[in-house]
Amino acid sequence: MSRAQRLLDLIQVLRQHRRPVAGAVVAEELGVSLRTVYRDIETLKAQGAHIEGEAGLGYVLRPGFMLPPLMFSEEEIEALVLGSRWVSERADGLLGKAARNVLAKIGAVLPDDLKSGIDASGLLIGPGQQIAARDGELAAIRAAIRSERKMQVGYADEQGNATDRTIWPIALAFYDRVRVLVAWCELRAGYRHFRIDRIATLECGTERYPRRRATLLKEWYAFQGVPEQ
């Protein structure tokens, strides 16, 4: 492994940890010595990386640091291409356009020997069943999730029973044939899953819900018994 690649990998490892991570853990993940980790961290600091911590206490990388030029492995490029193509085909129009823009921006800054991997990728997304959900609905839901705003929806359950709900949207799940909104429901006083194609009416309010979305999402993961993504 080249030193440049090792520094890139070190940045990636630090970004994966939200809390201080011990140098020994980083060394094990990278397959290098602890002394090498300490030396590389000092190199990154000298290049402007905002890394806090010290030996024995752990390290954390604060946001805002990029190492030029942008580098990806062949597998990472394939993952980006495949993911972007899936979003282009399965998500709403605005999100699909954003995915294509991301690929274009990445391609503009990649070295020539890696740039060809974007256009020549052999990983394709097959045609899928049309999903009943208007682009405007999904865009509005995503905006409410980002801004942590309450929503009022008219919802019909599997038996066709209609209810009016005030919900706190926290996540949007994309399946092959259906899209599902994860939210706290004030009517049911608990977490509920709402199929987008069963939402008859939808209105995004101006009132923020009283708890942070990150906290609600973490609570939902625990409630469902699934690992956090």
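So, where α1 meets α3: on the α1 side you have Arg 3, Arg 6, Leu 7, Leu 10 and Ile 11, and on the α3 side Thr 36, Val 37, Asp 40, Ile 41, Thr 43 and Leu 44. Contact here means heavy atoms within 4.5 Å, and helices are DSSP runs of H or I with at least four residues, strands are E runs of at least two, all numbered from the N terminus. By class, this α1–α3 contact has 6 nonpolar, 2 polar and 3 charged residues. Nonpolar covers Ala, Val, Leu, Ile, Met, Phe, Trp, Tyr, Cys and Pro, charged is Asp, Glu, Lys and Arg, and polar is the others, Gly among them.

Quick word on the source: this is a predicted model, where local features need pLDDT of at least 70 and side-chain atom pairs count only at pLDDT 80 or more, while totals for chains, interfaces and linings use all residues. Residues are numbered from 1 along each chain as its sequence is written, and side-chain values use heavy atoms, with hydrogens and water left out.

Back to the helices. The axes of α1 and α3 are 10 Å apart, at an angle of about 85°. Axes are lines fitted to C-alpha atoms, for helices over the stretch in contact, and angles run from 0 to 180 degrees between N-to-C directions. That pair is therefore roughly perpendicular; the cut-offs are under 35 degrees for roughly parallel, over 145 for roughly antiparallel, 65 to 115 for roughly perpendicular, and oblique for the rest.

Now α1 against α2: about 125°, axes 10 Å apart, so α1 is oblique to α2. Asp 9, Leu 10, Val 13 and Leu 14 of α1 touch Val 26, Glu 29 and Leu 30 of α2. That contact splits into 5 nonpolar, no polar and 2 charged residues.

What about the largest nonpolar core, how many residues does it have? It has 16, and Leu 10, Leu 14, Val 26, Ile 41, Leu 44, Ile 51 and Leu 61 have the most contacts inside it. A core is a set of buried Ala, Val, Leu, Ile, Met, Phe, Trp, Tyr and Cys residues joined through side-chain atoms within 4.5 Å; buried is under 20% relative accessible area, exposed over 50%, partly exposed in between, with a 1.4 Å probe and protein chains only. At least two residues each come from α1 (3-15), α2 (23-30), α3 (34-46) and β2 (58-61), and α1 gives the most, with 5.
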